[in-house]
Structure formats: structure tokens, C-alpha cells
Amino acid sequence: MLTVKEINEVSFGKAGFSGYRPEDVDNFIDQVAASFQELIDERDAAVKQAADLAVLNTEIAGKNADAQRKLAILAQKIEAYRQEEESIKEAIINAQRMSKDLMKEAQGEADSVIQEARSQAEAKLLEANEEERRITLIMHKRKLLGRPGNTRSRLKQRRMNWKK
């Protein structure tokens, strides 16, 4: 490959009358040398640009690898969060079921307690009515027999005790 220096130093021999004019040859050689220098400069710029791009490419590749690692870590974390979310959802559903079951059980027990209390209240009321009837009968007999007694106040006292 020719260099710019070689192009500038080239000389042609004179060939008599049919030769080229030296100014035209010199002008042409100057143009070729300038074009050649321009091409060399472009090549050097392209080589430098390729080197710069190679460095940049290496940097980008490093950043890309780092980003890929971070992305993989994030993907793992997201998967772990999804699994935790599923566990939490299951726990909430189980808690809701347990709550419903406990509410049903508590309502059943409350109904049983209320029913038992009503039954006991009815039994005590029957006892109280029977006692009142018995006392009334005794009082009636005492009046008939003429035995004075404070049966009315005792009857009131017994009614008060039963209500408690």
C-alpha cells in the first residue's frame, strides 16, 4: 500500500513532446495525496471509534450482566412474595372458616343456655305457683279454723325469694 509520502515523492520521467504537462501531473498527485490522507484519517477515526465502541460495549455488557443478576434476584423475591401471599390468603380463609364455626358453636351454646334458663325459670315459676297455691290453701284453712297467723307476709316473703 502506498503512503502519502510515497505519492508526494513520485516523479515521472520526461518523454519528449508527447509527455504530460508537469503542472497537471503535480496537481493530480497533490489531489491523490490529499484524498489518500483523507482516507487514512477516516480509517484512523474509524479504528478509534471501533476501540471506543468496544470499551463501551464491554461496559454495557458488564452493566447488562449486573442488571440480569438483579432481575433474577427480583424474580426470586417476587416468587417468594407470591408464595407468601398464597399462604396468607389460605390463613385468612381458614381464620374466616374458624370464625364462622366458632360463631355457630357459640350461638348453639347460647341457645342451649337460654333454653335451659327458660326451662329452669318455668320450673321455678311452677314451684312458686304451687307454693302459692299450697300457702293459700293453708291460709284458707287457718281462717276457717280460726288460727291467726302472719301468713300473708310470709307468702310475700316467699314470692320475693322465688323471684331472686
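Predicted model: local features only at pLDDT ≥ 70, side-chain atom pairs only at ≥ 80, totals over all residues.
**Notebook: helices, a core and a patch**

I started with I60 and found it in helix α2, which covers residues 22-145.

Next I checked how open I60 is. Its relative accessibility is 47%, and buried means under 20% while exposed means over 50%, so I put I60 down as partly exposed.

Together with L53 and L56, I60 makes a nonpolar surface patch of about 270 Å².

I zoomed out to the whole protein chain. I counted three helices and zero strands there. Read from the N terminus on, the elements go α-α-α.

Which residues make up the largest nonpolar core? I wrote down six: V4, I7, V25, I29, A33 and F36. Helices α1 (4-9) and α2 each give at least two residues to this core. The largest share is from α2, with four residues.

How much of the protein chain is buried? I got 7% of its 164 residues.

For the surface, I noted an accessible area of about 14700 Å² for the protein chain. Carbon and sulfur atoms own 58% of that area.

Last entry: contacts along the protein chain. I took the ones between residues at least 6 apart in sequence, and 55% of these join residues at least 24 apart.

Methods
Residues numbered from 1 in each chain as written. Heavy atoms only, no water. Patch = residues over 30% accessible without salt bridge, like charges linked within 9 Å, V, L, I, M, F, W, Y side chains within 5 Å. Areas by Shrake-Rupley, 256 points an atom, 1.4 Å probe, with all protein chains shown as cover. Salt bridge = Lys/Arg side-chain N within 4 Å of Asp/Glu carboxyl O. Buried < 20%, exposed > 50% of the residue type's maximum accessible area, 1.4 Å probe, protein only. Core = buried A, V, L, I, M, F, W, Y, C linked by side-chain atoms within 4.5 Å. Contact = heavy atoms within 4.5 Å.
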